[in-house]
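I opened my notebook today to look up a few things in a protein structure. Come and read along with me.

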Amino acid sequence: MQFTQSSLIVGELATGQELRVPVYHLAAKDPSAPKVFLQANVHGAEVQGNAVIFQLMKQLEAMDVRGEITLLPLANPLGINQKSGEFTLGRFDPITGVNWNREYLDHQIDIPNWYSEHCHLSDELLNQAFRLQLIASCQAHLANPWGVTTGKRLAISLQMLAHQADIVIDLHTGPKSCKHLYCPEYAQSSAKFFSIPYSLIMPNSFGGAMDEAAFCPWWELVEYAATQERELNVAVSAFTLELASQERIDMDDAREDALGILAYLSHRGVMADQVAPAVMARYGCLLKDYKKYHSPKGGMVEYLAQPGEPLQANQPLANILRLDCYGTEEELTPLYLEQDCVPILHFASASVYQGTELYKLMTNVFELN
C-alpha cells in the first residue's frame, strides 16, 4: 500500500500565494482500527522529524496497515523558511512573537452541560459526538468574522486534522538535547514502546501545545463522566517526541525512532505486523519536577553537563567565563546544583545574558516499568 499525497492550505502570503503543507495519507482497511495523525517541523529548526516520517513511510508501505494514517512533514512553512544567515529562527511567529507550538485552541467546552445533553448515547456514539464538537469548535474559530492571527490559523488548521485521530504524535527536537518524550499521566505505560530513554509525565492541564490540545478535552470528559458514575476510556492518546538536537538530520537515528513509533502503533493495532519495542532502560519524572536553570550572570558558557547523562549533586554543571573580570575571582565562575538530576537539554549558544535558560533538567527521576 502506498501513501497518497495532497496538501493542506494554512494561510496566504502578502503576495497572495497560498501556504500549503504536504499531507500523506493511508486509507483504513479496518474502520475500527485506531486512526493516527503525526506531524513534524512545527518549529523551523527542528528538522529531524522529517527524517523520521521518511523512515516511517518506507516501513509502513511494506506493512499490513489496518488503521488510517495521516502524516504531515514540514508542518510550518513559515517557520521552516524563517532563516537568518546559516541559522533557522522559526520557533516564534515573527509578527506576534508567540511560540508556534503554543497557538493551539483551548476549547473550554462546558463539559457538564455538554454531557447532560449527550449522556443518553452509547460510549461509541458519545465519543463520536464529542469529536465532532471539537472539530466544529475549530471551524468556528477559523470563521471568526474578526479574523485570526497567522499563527492561530496555522495551528487550528493542523488541530482540526489531529482531532479526527485516536493517536496524535508531534515530532520536535531541543536546542542541544537528548531524546525525551512528553507522555500523559494516564498513558504512562505507553512510554515503554518508544525508543526514548527519558519521559516527562504530564498532568491534565492545557499549555497551548498540540499534545495537550489533543488529549486534554478527552481527559476532562472522562473525569466528569466518572462523577456521574460512568466509566469511560480516554479516547485519544497524544505524545510529543523530542528527537535530540535541532538543525540536524541523522537517517540511522531516524530509523531507530521510527521503529519505536511503529512498536507503539503495533501495540495499538494500527497494523497487523508485530514490531517489538527496543530493549533499553527508561526513566521518567513528573512534569512538575522538570526544572529550568537560569544563568546567574551574563558571560560565555562552557556547558559541562551533557544531555542524557545523570549528574550528581554538587558536580560541575557549567562554567561562566568573564574576560572583563580577568584577574579577579569572577573571571571563571563554576556552577553547581545541590541535587541529583539528569540534564535533558541546554541552550544552543555559548553567549548568554543573565537570566538565560541554560538547562532543563529532570529531578526526582524514577525508573519506568
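**Entry 1: a charged pair**

Which side chain meets aspartate 253 in a salt bridge? I found lysine 179, at 2.8 Å from N to O. For a salt bridge I need a side-chain nitrogen of Lys or Arg within 4 Å of a carboxyl oxygen of Asp or Glu. Aspartate 253 sits in helix α7 (residues 251-267) and lysine 179 in the loop between β8 (176-177) and β9 (180-184), so this pair ties together parts that are 74 residues apart in sequence. I take helices (H or I, at least four residues) and strands (E, at least two) from DSSP runs, numbered from the N terminus.

A note on what I am reading: this is a predicted model, where local features need pLDDT of at least 70 and side-chain atom pairs count only at pLDDT 80 or more, while totals for chains, interfaces and linings use all residues. Residues are numbered from 1 along each chain as its sequence is written, and side-chain values use heavy atoms, with hydrogens and water left out.

**Entry 2: the network around lysine 179**

Lysine 179 also meets the side chain of aspartate 257 in a salt bridge, at 3.1 Å from N to O. Aspartate 257 lies in helix α7 too, so this pair ties together parts that are 78 residues apart in sequence. Salt bridges that share partners join Lys179, Arg248, Asp250, Asp253, Glu256 and Asp257 into one network.

Are these residues buried or exposed? I call a residue buried under 20% relative accessible area, exposed over 50%, and partly exposed in between (1.4 Å probe, protein chains only). Lysine 179 is buried at 11%, aspartate 253 is buried at 15%, and aspartate 257 is buried at 2%.

**Entry 3: another salt bridge**

My search of the whole structure gave 15 salt bridges. One of them joins aspartate 64 and arginine 66, with the closest N and O atoms 2.7 Å apart. Aspartate 64 is partly exposed at 27% relative accessibility, and arginine 66 is partly exposed with a relative accessible area of 27%.

**Entry 4: helix α5**

What span should helix α5 have? At 1.5 Å a residue (the expected span is 1.5 Å times one less than the number of residues), the 13 residues of α5 (residues 150-162) should span 18 Å. The end C-alpha atoms are 19 Å apart, which agrees.

I listed buried residues of α5, among them Leu154, Ile156, Leu158 and Met160. The buried residues of α5 pack against several elements, including β1 (4-12), α4 (123-142) and α6 (210-227).

**Entry 5: phenylalanine 194**

I found phenylalanine 194 in the loop between β9 and β10 (198-202). This residue counts as buried, at 0% relative accessibility. Phenylalanine 194 and alanine 263 are 69 residues apart in sequence, yet 6.9 Å apart in space, C-alpha to C-alpha. Leaving aside neighbours within four places in sequence, phenylalanine 194 is in contact (heavy atoms within 4.5 Å) with residues including Ile169, Leu181, Phe239 and Tyr264.

**Entry 6: strand β16**

Leucine 332 is in strand β16 (residues 332-336) and is partly exposed at 44%. Threonine 333 is also in strand β16, but counts as buried at 18% relative accessibility. Which side chain makes a polar contact with the side chain of threonine 333? I found lysine 297, at 3.2 Å. A polar contact is a pair of N or O atoms within 3.5 Å; within protein, one must be able to donate a hydrogen and the other to accept it, and residues adjacent in sequence count only if both atoms are side-chain atoms.
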